[in-house]
2 protein chains.
Amino acid sequence: MNMPIETLKWIGDTDGTLELIDQRLLPAQSQTLQCHNPEQLFEAIQTLAVRGAPAIGVAAAFGVCLGVRSANTVLDVMKSVNETCDYLAASRPTAVNLFWALDRMRKRAADFAEQNPEDLAAVFKEALLVEACAIQVEDQKMCLAIGQNGESLIPDGGAVLTHCNAGALATAGIGTALAPMYAAHQNGKKFRVFVDETRPLLQGARLTAWELTQAGIDAVLVCDNMAASLMQAGKVDLVITGADRIAANGDAANKIGTLGVSILAKHYGVPFYIAAPSSTFDLSIESGAQIPIEQRNADEVSNFGGTATAPEGINVYNPAFDVTPAEYITAIITENRVIESPDKQKIEQFVKP
Amino acid sequence: MNMPIETLKWIGDTDGTLELIDQRLLPAQSQTLQCHNPEQLFEAIQTLAVRGAPAIGVAAAFGVCLGVRSANTVLDVMKSVNETCDYLAASRPTAVNLFWALDRMRKRAADFAEQNPEDLAAVFKEALLVEACAIQVEDQKMCLAIGQNGESLIPDGGAVLTHCNAGALATAGIGTALAPMYAAHQNGKKFRVFVDETRPLLQGARLTAWELTQAGIDAVLVCDNMAASLMQAGKVDLVITGADRIAANGDAANKIGTLGVSILAKHYGVPFYIAAPSSTFDLSIESGAQIPIEQRNADEVSNFGGTATAPEGINVYNPAFDVTPAEYITAIITENRVIESPDKQKIEQFVKP
C-alpha cells in the first residue's frame with residue numbers, strides 16, 4: 001500500500017537524528033522537526049509534535065538511540081540506555097506503547113551486554129538501532145494487518161465515524177483505526193468517514209481530515225457533539241477508533257470523548273470497534289480503572305490559536321483520555337484477529353504480549 | 001434578583017433604537033450594537049450578535065417597532081408591521097419564540113387597527129412599543145419564575161452540567177437553564193457548574209462561563225466530549241439546558257450536542273432537565289421530527305478566529321440544533337410548573353400557549 005506520510009524517520013547511522021513531522025503545525029504547515037537528543041524528543045512527545053500510541057512507541061525506541069550517541073564504552077551505553085528509558089517514560093503517562101517500546105529496548109540492551117560484554121560500544125549502538133528499526137518495521141506490518149483484518153467491516157456505500165487521529169500520523173505505518181479505511185479504499189469501496197474534530201487539540205480536524213482527503217477518501221468534518229445527531233439520523237454504520245492502553249479485561253483508554261461516542265453507538269445499535277496492536281494491551285492491569293489518565297494544561301481548552309475562548313482565569317477540567325468499558329466495545333481489531341465482545345478470557349487467549 | 005447583564009434594551013420613544021450586547025465579541029470585548037432598522041436586527045440575529053430563543057423573541061418584537069418608524073398613517077403602520085414580521089421571521093428557522101413574538105405583535109397591530117381605525121399613526125406606534133415592552137417584562141418575570149420552580153432541583157454541594165448558553169444573555173431576564181442556578185446561588189447554596197464549551201460557536205465557553213463567573217458561581221469549563229467522563233466519575237448530579245422549540249409531545253430542539261448529553265445522562269442515571277417558557281412550546285407540531293433544523297456555514301467548524309483548523313475545502317456537516325426525544329427528559333421546568341416525564345397529555349394540560 002502506498003504510504004505517502006512518513007510520520008517519523010531515522011536519518012543516518014548510529015550517530016543519526018530522528019526526523020518527525022511536526023504535527024502541531026498541521027494542516028497549515030508541513031514541517032519536519034529534527035531531534036538530536038532525548039530532551040528534544042521528550043518535548044516533542046509532551047507537546048504532541050509526535051503523538052498516537054504506536055508512533056510514540058517507535059519514536060521512543062529511536063530516542064534510546066539518541067541517548068547513547070556520546071557513550072564510549074559498553075558500560076556507558078548500558079547506563080545511557082537505562083537513563084534514557086527512565087527519562088522518556090516520564091513524557092506521557094497513558095499510552096502503554098511508550099513503556100512497551102522502552103522495555104523492549106532495555107531488554108535488547110541487557111541481552112546484548114550479557115552476550116557480548118567485551119564488544120565495542122559502536123557495535124552495541126548498532127544493535128540498538130537495529131532493534132529500533134525492527135520496532136518501526138513491525139509497526140508498519142502491524143498497521144497493514146489491522147487494515148486487512150478490519151477491511152470487511154466497512155460496507156460499500158456505508159459511513160464510518162472516527163474520533164481523534166489513529167491514522168498514518170499516529171503510527172509508523174498506515175494507522176490503526178484508519179487502516180481498515182485505507183484498505184477498503186484500496187479495494188475500491190466507496191464510503192464516507194465522519195471525522196470528529198476532537199477538542200481540545202483538534203487531532204480529527206487537523207490530522208485525520210488531512211490524511212483522509214490526501215488519500216482521496218470522502219471525509220466530512222463534524223464537531224464532537226454532532227455524533228448523536230448523525231446516529232439518530234441513521235447516518236453512521238460503524239465507529240472505529242484507536243486506543244492508548246487496553247487493560248486485561250478489554251477496557252480501553254483512548255482520546256477524551258471516545259467513551260461518549262461508545263455510549264451513543266450502544267444506544268443507537270451502531271457497532272463500535274477499537275483498532276490497536278498487541279503492544280497497546282497492558283495485561284498487567286486488570287481493568288481500565290487502573291489506567292493513569294493524563295490531565296493537561298487548562299490553556300488547551302480556554303484558548304485557541306493564541307485567542308482566548310473563555311473568560312480569563314476560568315477553571316478548566318482537561319483530561320486527555322477516557323476509558324471505554326469493554327462491554328461497549330463490539331470488537332477489538334488487532335494485527336492478529338478481530339476479537340469480538342472482548343473479555344479477559346479472549347484477550348488472554350488471543351493477545352501475546 | 002440583581003440583573004447586571006442587559007442583553008437588550010430599547011432606547012428612546014417610538015423613534016428609538018434597540019441596543020444589544022454584541023455576543024459575538026464576548027468575553028474578549030463588552031460592546032453594544034445599535035439597531036436602527038430591521039435589516040440591522042436581521043443581521044444581528046443571523047450572525048448571533050443576539051441569540052437564545054427568548055432573547056430573539058423579545059428582540060424581534062422591538063424589531064417590529066423599528067420597522068414602523070417611518071410609517072405615517074395607520075395603514076402604513078399596519079403594512080410595515082406585516083412586512084417586518086415576514087422579513088424577521090426568515091432570520092432563523094428553529095427557535096419558535098421568534099415566530100411567537102412576531103405573531104403577538106401582528107395580533108396587537110390587527111387588534112389596534114380594528115379598534116382604532118381613525119387613530120393617529122403615532123398612537124399606533126406607541127401601542128406597538130408598549131406591546132414589545134410587555135413581552136420584555138413578561139420574559140423577565142418568566143425567567144424569575146423558572147428560577148423559583150427549578151431551584152430545589154439543585155442540591156447544596158452538588159454539581160450541574162449545562163450546554164450552550166441559556167442564561168441572562170439568552171433572555172431579557174436571568175435566563176432559563178441558568179435561572180435555577182442563579183436562584184440557588186442567591187439562596188446561599190454552594191454548587192459547581194460544569195460548562196460545556198459548545199462547539200462550534202463556543203456559547204458555553206464565551207457566554208455561560210462569563211455570566212456564571214461574573215455572578216460568583218463556581219464554573220468549570222469542559223470540552224463537549226468530556227461530559228461522559230464526568231458522569232462516569234459520578235461528578236454530575238443533574239443536567240439543565242434550555243430549548244429552542246418543544247413539540248406537543250415534549251420532544252425538544254436545542255443547541256447541537258444536547259441530544260448526546262441527554263443520552264449520556266440517561267445512561268448514567270443523571271436527571272436531565274430542560275428549562276423553557278411557554279413561548280418555546282409549539283403545540284402545532286406533534287413531534288420533534290417536524291422541527292426545522294438550521295444548517296449553518298461550514299466555516300464555523302473548519303475555522304476559528306480566522307485561523308483554519310482543518311484542511312482547505314474540507315466537507316463539513318454543521319446542524320445548529322438537535323432534537324432530544326421527550327422520553328430522555330426527566331422534566332421540563334416552565335414558568336408555571338415542573339412538568340415531570342413530559343408527554344402530550346401533560347403538555348396539553350399544563351402549557352397554555
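Is B:T208 buried or exposed?

Modeller: Keep in mind that this is a predicted model. B:T208 is buried: its relative accessible area is 0%, and the cut-off for buried is under 20%. The residue sits in helix α7 of chain B, which covers residues 203–214. Leaving aside neighbours within four places in sequence, B:T208 is in contact with B:T162, B:C164, B:N165, B:L178, B:V195 and B:Q203.

Now the other chain. A rotation of 180 degrees, with 0.0 Å of shift along its axis, superposes chain A on chain B at an RMSD of 0.0 Å. That is the relation of a two-fold axis. The same surface serves both copies, as 98% of the contact residues of chain A recur in chain B.

In chain A, take helix α4, residues 96–115. At 1.5 Å a residue, its 20 residues should span 28 Å, and the end C-alpha atoms are 28 Å apart, which agrees. Its buried residues include A:L98, A:R104 and A:F112. The buried residues of α4(A) pack against α2, α3, α5, β8 and β11 of chain A.

Chain A also has an open sheet of three strands, in the order β1-β2-β3, with antiparallel pairing. The edge strands are β1 (8–11) and β3 (32–35) of chain A. Neighbouring strands of this sheet are turned by 25 degrees against each other on average, direction ignored. Four bridges join β1(A) to β2(A). A:K9 stands opposite A:E19 in β2(A). Helix α1 of chain A, residues 38–46, packs on the sheet and touches β2 and β3 of chain A. The direction of α1(A) makes about 140 degrees with that of β3(A).

Key: Residues are numbered from 1 along each chain as its sequence is written. Chains are lettered from A and ligands numbered from 1 in the order in which they are written. This is a predicted model: local features need pLDDT of at least 70, side-chain atom pairs count only at pLDDT 80 or more; totals for chains, interfaces and linings use all residues. Side-chain values use heavy atoms; hydrogens and water are left out. Copies are superposed by least squares on the C-alpha atoms of residues with pLDDT of at least 70 in both. Contact means heavy atoms within 4.5 Å. Helices (H or I, at least four residues) and strands (E, at least two) are DSSP runs, numbered from the N terminus. Buried means under 20% relative accessible area, exposed over 50%, partly exposed in between (1.4 Å probe, protein chains only). The expected span of a helix is 1.5 Å times one less than its number of residues. Two strands pair if DSSP finds at least two bridges between them. Axes are lines fitted to C-alpha atoms, for helices over the stretch in contact, and angles run from 0 to 180 degrees between N-to-C directions.
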